[in-house]
Amino acid sequence: MKSHVVIGFDARDHIVIGKVFEDLSAANEYHHYLNTKMIGKIIGRENRQLDYADIFEMDYVSIK
């Protein structure tokens, strides 16, 4: 089973925010939201400016 990870990066390619989705359509919606409404805003725990976001497909590994 695959999961989809949306990760937002700052200008230095450091991770600003990330979220895991099992559904590709939900991942696409969040990716679109980050790339349209959140670009240039200060977000995340370390208060970094979002420069761009990308989607990665990863193998799902259960923690249990």
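Among the elements of the chain, the lowest mean pLDDT, 88, belongs to strand 3 (residues 42-43), and the highest, 95, to helix 1; pLDDT is the predictor's confidence in each residue, from 0 to 100. Helices (H or I, at least four residues) and strands (E, at least two) are DSSP runs, numbered from the N terminus. The structure is a predicted model, in which local features need pLDDT of at least 70 and side-chain atom pairs count only at pLDDT 80 or more, while totals for chains, interfaces and linings use all residues. Residues are numbered from 1 along each chain as its sequence is written, and side-chain values use heavy atoms, with hydrogens and water left out. The mean pLDDT of the chain is 90, and 94% of the residues score at least 70.

One helix and five strands make up the elements of the chain, and their order from the N terminus is β-β-α-β-β-β. The C-alpha trace spans about 35 × 20 × 15 Å along its principal axes. The chain has an accessible surface of about 4800 Å², 52% of which belongs to carbon and sulfur atoms; accessible areas come from the Shrake-Rupley method with a 1.4 Å probe, and for residues only the protein chains shown count as cover. Of the 64 residues, 27% count as buried, where buried means under 20% relative accessible area, exposed over 50%, and partly exposed in between (1.4 Å probe, protein chains only). Among contacts in the chain with a separation of 6 or more, 52% involve residues 24 or more positions apart, a contact being defined by heavy atoms within 4.5 Å.

Three strands form an open sheet in the order 2-1-5, with antiparallel pairing; two strands pair if DSSP finds at least two bridges between them. Strand 2 and strand 5 (52-59) stand at the edges with a single partner strand each, so one side of each is left without a neighbour in the sheet. On average, neighbouring strands of this sheet are turned by 20° against each other, direction ignored. Axes are lines fitted to C-alpha atoms, for helices over the stretch in contact, and angles run from 0 to 180 degrees between N-to-C directions.

Strand 1 (residues 2-9) is joined to the antiparallel strand 5 by eight bridges. Within this pairing, Asp 54 of strand 5 is the bridge partner of Ile 7, and Phe 9 stands opposite Tyr 52. Six bridges link strand 1 to strand 2, again in antiparallel fashion, with Lys 19 of strand 2 as the bridge partner of Val 6. The hairpin of strand 1 and strand 2 has five residues between the strands, and Asp 13 there takes a positive phi near 65°. Ala 11 is also placed in the loop between strand 1 and strand 2 and, at 64% relative accessibility, counts as exposed. The C-alpha atoms of Ala 11 and Arg 48 are 9.3 Å apart, although 37 residues separate the two in sequence.

Strand 1 is mostly covered, with seven of its eight residues buried. His 4 lies in this strand and is buried, with a relative accessible area of 8%. Beyond residues up to four places away in sequence, the contacts of His 4 include Phe 21, Leu 24, Ala 27, Ile 55 and Phe 56. With sequence neighbours up to four places away likewise not counted, Val 6 touches residues including Ile 17, Phe 21, Ala 27, Tyr 30, Leu 34 and Ile 55. Helix 1 lies across strand 1, strand 2 and strand 5, and runs at about 160° to strand 5.

The largest nonpolar core comprises ten residues, namely Val 6, Val 16, Phe 21, Ala 27, Tyr 30, Leu 34, Met 38, Ile 43, Leu 50 and Ala 53. Strand 2 (15-21) and helix 1 (24-37) are the elements that give two or more residues to this core, and helix 1 gives the most, with three residues. A nonpolar core is a set of buried Ala, Val, Leu, Ile, Met, Phe, Trp, Tyr and Cys residues joined through side-chain atoms within 4.5 Å. In soluble globular proteins, nonpolar side chains tend to be buried together.

Lys 41 occupies the loop between helix 1 and strand 3. At 42% relative accessibility, Lys 41 counts as partly exposed. Apart from neighbours within four places in sequence, Lys 41 is in contact with Arg 48, Gln 49 and Leu 50. A C-alpha separation of 15 Å is found between Lys 41 and Asp 13, which are 28 residues apart along the chain.
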